[in-house]
Amino acid sequence: MAVLSGRLVQNLSVAQFCQLNSPFSNQHCRHCAPDLHSFLPIHGRKSAWIGSFAVHLRSISLHPCGSVNRRTVYCNAASSAIAVPPLSLADFLKLQNGSDIRGVAVAGVEGEPVTLTEPVSEAIAAAFAAWLMDKKRTDASKRLRVSIGHDSRISAPKLQDAVSRGLAGSGVEVVQYGLASTPAMFNSTLTENEEYFCPVDGSIMITASHLPYNRNGFKFFTSAGGFGKSDIKDVLEYAANIYSGFVAEGLRESQTKVSASVKRVDYMSIYTSDLVQAVRTAAGNIENPLEGFHIVVDAGNGAGGFFPTKVLEPLGAVTTGSQFLDPDGMFPNHIPNPEDKEAMKAITQAVLDNKADLGIIFDTDVDRSAAVDSAGRELNRNRLIALMSAIVLEEHPGTTIVTDSVTSDGLTEFIEKKLGGKHHRFKRGYKNVIDEGIRLNTIGEESHLAIETSGHGALQENHWLDDGAYLMVKLLNKIASARAAGVSGGSKVLTDLVEGLQEAAVAVELRLKIDQGHADLKGGSFRDYGDAVLKHLETIVDSNPKLQKAPVNYEGVRVSGFGGWFLLRLSLHDPVLPLNIEAQSNEDAVKLGLAVLDVVKEFPALDISALVKFVHAT
């Protein structure tokens, strides 16, 4: 039994080794070769590249048939000028944020050490390459292709370079898009256009959504959709393994060769042309269906600055007054977040100041959006869900609308009684909501829209992708088709669709933090403590005739009473119990708050100061 141990310089060869040694599969290679040198991209039996990109193969033994006995591979892609401090598996797993990876990428904020370094990013990219190789099962003659895009964050260029090194060093063909939107990155796995090297086998978006400037992260896509939690965990576990084999030595020449091998294309031109065509088609193939229609866009200095010039103006719209279109990763004007009050105030003011027909606002990476009508009325959160539900239910009568858990009772009544649909209220987390919409269809319950109050909205017709630009195109389609049919009124066409939506006079979200160091946890986790709080609340509610638990509920404890409702749940990622309260008066909201306060005050590890302040101030 031959044992190979040592250092092999990599270029395209890692694809074969990673496939043989993938932690994502226990199957042996179908076409094993007894001579491992046959896997190398060699010229005269010498490695194609010499430099800092290397593979450490530790104790990989081959049976006579060539199958791998021990399944560990270390892909060294660390650059020469970067320190590689030791990190544990736990350090890598801390980067998981549900179905994304997020960390601190820029130093300078007190108490927030950098966790998403270049070597860490390279290891994660190499792990994604290995994941793809395992899933795609490509033969030796076909290189996998991965696209990379990023939002406007100041750490994006260095992370893009690091990711490119990790991918290229693993034998993957790299295509950089530069500044791009998250939805465009997913679309690149579906587009068939060889001139733009599409479709790609996988895609990485470098973004941390609306988080502060010092954060960054990764989202991963294949043609099957975005990664789920288990996929992220797998990649991070393998990345930790890869990282442990990194060394800081190497030559700049190797990095130059990696850079020279990267392809760069303007994929956003393909993506935006598809959006333009969608509106023209909805209007009956009219070239300029929005001619004279005044729309202002607020991109929040994120990646959405393309929308006025690349989508709206080709359709004939006037876009003067659009603001914060230039990418600036310090986000100097406001947080690019359609849920943020200051952000919504900014786009509302822009609509009113410019006497515009419609306002559109995006988050940093354009997977979320919201709108403002000509009167300055915000179309976000429950209103946006109601609006999209009205549009989708016109197209698919009776379909199920999947939302997150904090949507209002008024929205349920609007969807079910006015629109004739079915409201399926599920858990928080855009991926949870989207996956539930997909699941319902697999069991025979038709669903065409899955949308969260945050502005993440996915349609079946758009491959279940949460695409903020596509959501806005659906609104534009409605306006354009109405105009083509001779119906005037501008954004009133949209506002009329949400007529009858009952909205609470008081709507608040309070966050009750769990002190993980408090003795009352008794060594347990914050999740165990939070579950105990929720269980006790359920018991108390069951004994109170003035309160009624929701008959169907998938997250936390949702209770109706005093003409309103509250939901107490455990955060998906943090030691926090968010409390949502909606009521028709301050007095009723306080009654609901007091019902919760009577329970949570018995748990000393909970910081209930926000709730106490609310019930007293209100």
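**Grounds for the descriptions**

Author: Asn 337 has a relative accessibility of 9% and therefore counts as buried. The model is a predicted one.

Reader: Why is Asn 337 called buried?

Author: The term applies under 20% relative accessible area. Asn 337 stands at 9%, so it counts as buried. This residue belongs to the loop between α9 and α10 (341–353).

Reader: Which residues are in contact with Asn 337, leaving aside neighbours within four places in sequence?

Author: They are His 210, Ala 343, Phe 362, Asp 363 and Arg 368.

Reader: Why is the pair of Tyr 271 and Phe 306 called edge-to-face?

Author: That term is used for planes over 60 degrees apart. Between Tyr 271 and Phe 306 the planes make 70°, at 6.2 Å centre to centre, and the pair is accordingly edge-to-face. Tyr 271 is part of helix α8 (residues 267–282) and Phe 306 part of helix α9 (residues 306–312), so parts 35 residues apart in sequence are tied together.

Reader: How many aromatic pairs does the whole structure hold, and which residues do ring pairs link into a cluster?

Author: The search finds 14 pairs. The cluster consists of Phe 128, Trp 131, Phe 218, Phe 220 and Phe 227.

Reader: How do you know that the charged end of Lys 263 sits over the ring of Phe 197?

Author: The criterion asks for a distance within 6 Å of the ring centre, and for a position within 35 degrees of the ring normal. Lys 263 has its charged end 5.5 Å from the centre of the Phe 197 ring and is listed as sitting over it. Arg 558 lies over the face of Trp 565, 3.7 Å from the ring centre.

Reader: What puts the buried residues of helix α18 on the same side?

Author: In α18 (residues 609–617), the buried residues are Leu 611, Phe 614 and Val 615. They cover an arc of only 90° around the axis, which places them on the same side of the helix. In general, an α-helix has 3.6 residues a turn, so residues three or four places apart point the same way. Lys 613, His 616 and Ala 617 are exposed, on the face of α18 turned away from the buried side. The cover over the buried residues of α18 includes β21, β25 and α17.

Reader: Why are β12 and β15 said to stand at the edges of their sheet?

Author: The sheet is open, with four strands in the order β12-β13-β14-β15 and mixed pairing. β12 (295–298) and β15 (378–379) each have a single partner strand, so one side of each lacks a neighbour in the sheet.

Reader: What makes β13 and β14 a pair?

Author: Two strands pair if there are at least two bridges between them. Five bridges join β13 (residues 358–362) and β14 (residues 369–373) in the antiparallel sense. Gly 359 has Val 372 of β14 as its bridge partner.

Technical notes: Residues are numbered from 1 along each chain as its sequence is written. This is a predicted model: local features need pLDDT of at least 70, side-chain atom pairs count only at pLDDT 80 or more; totals for chains, interfaces and linings use all residues. Side-chain values use heavy atoms; hydrogens and water are left out. Buried means under 20% relative accessible area, exposed over 50%, partly exposed in between (1.4 Å probe, protein chains only). Helices (H or I, at least four residues) and strands (E, at least two) are DSSP runs, numbered from the N terminus. The arc is that of the directions from the helix axis to the C-beta atoms. Contact means heavy atoms within 4.5 Å. Rings of Phe, Tyr and Trp (its six-membered ring) pair if their centres lie within 6.5 Å; planes under 30 degrees apart count as stacked, over 60 as edge-to-face and the rest as tilted.
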